Amino acid sequence: MKQLRWVIALGVAAVLLIAVFFAVDHYTKKKEEVANIGAAKTLFSFYGSTTTRITIDNEDGHFAFDWDADNGIWQLVSAEKFNTNSYAIAAVCNMFCSLSSEKTVAFDCQDTSIYGFDNPVTIKVYTTETGEDNPYVLYVGNNPPTYDAYYAMVGGSNDVYTIDYTSGSYFCLSKDTMKNAYLFDTFSSGVSYYKLERGGKVIMEMQANDDATWTLLQPADMELLKSNIDDLTATLVHVTVSSFVEENPADLSKYGLDNPHTKLTLRGSYGSS
């Protein structure tokens, strides 16, 4: 009988231990589920090479860019025209097509204005897979108080996320950042003509020949040392804007450009242009 009591006691203890194990396991899983509710998640994942158009709406206006496959660059196609910084738009595309959140801040948020979505940056990405009527849509709001991220939302959802600061900064690019900062949009090997004028007079004029050599046209007709011209064109095509001062100025005289001291003309190529 004594032995039987021990067997029963051990059995009861085993049952209790199993019950405790399942209770602890269930509690642990629930705790992990709660912890993972707001964890990082993939917002967009597609091949950037399928992108055909990107539109950006921000405080500077509406900008639409189409991919020019022939020249391998992004071209501005919306109403306002300027020479595009294709690298900046390409960066937006690359960040967008593999974007993940850091965490979910709010589910089914009813007042998104507190996160800056009453006036967000809106980016739409059109691809060959989704077609012209179903772009991927991203809204970028304010920074959180720590300024180490950006609030973000995706089209068709009221959930609010945070995305990393670097991606958010690329998405919030200014109009000036969208502009090409190079004065001469060509490569040194693409330059085929050069003319320098001062006081309305041609000081120097030269052009490239079919065999890639250069001929001076003015002030005299003579062959030029190709290596020196290559150095000159390489310097010119790398000249960049330090800042954009005014768009389409009505009065050039305040900048001394109504009657400029020097005028430089280059002819070059970029892709098929």
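**Notebook: sheet and cores**

The model is predicted, so local features need pLDDT of at least 70 and side-chain atom pairs count only at pLDDT 80 or more, while totals for chains, interfaces and linings use all residues. Residues are numbered from 1 along each chain as its sequence is written, and side-chain values use heavy atoms, with hydrogens and water left out.

I then followed β9 (residues 193-198) along β13 and found that the two pair in the antiparallel sense over 6 bridges, where pairing requires at least two DSSP bridges between two strands. They belong to an open sheet of 5 strands with antiparallel pairing, in the order β12-β11-β10-β9-β13. At its edges I found β12 (222-224) and β13 (262-267), each of which pairs on one side only.

Next I looked up the largest nonpolar core, which has 30 residues, and saw that Ile 123, Leu 138 and Phe 171 have the most contacts inside it. Such a core is a set of buried Ala, Val, Leu, Ile, Met, Phe, Trp, Tyr and Cys residues joined through side-chain atoms within 4.5 Å, and buried means under 20% relative accessible area (1.4 Å probe, protein chains only). The largest share of this core, 5 residues, comes from α2.

Leaving aside neighbours within four places in sequence, I listed the residues in contact with Ile 123, among them Ile 54, Val 92, Leu 138 and Phe 171; contact means heavy atoms within 4.5 Å. A second, separate core of 10 residues includes Trp 214 and Leu 266.

Definitions and conventions
Buried < 20%, exposed > 50% of the residue type's maximum accessible area, 1.4 Å probe, protein only. Helix = DSSP H or I, 4+ residues; strand = E, 2+ residues; numbered from the N terminus.
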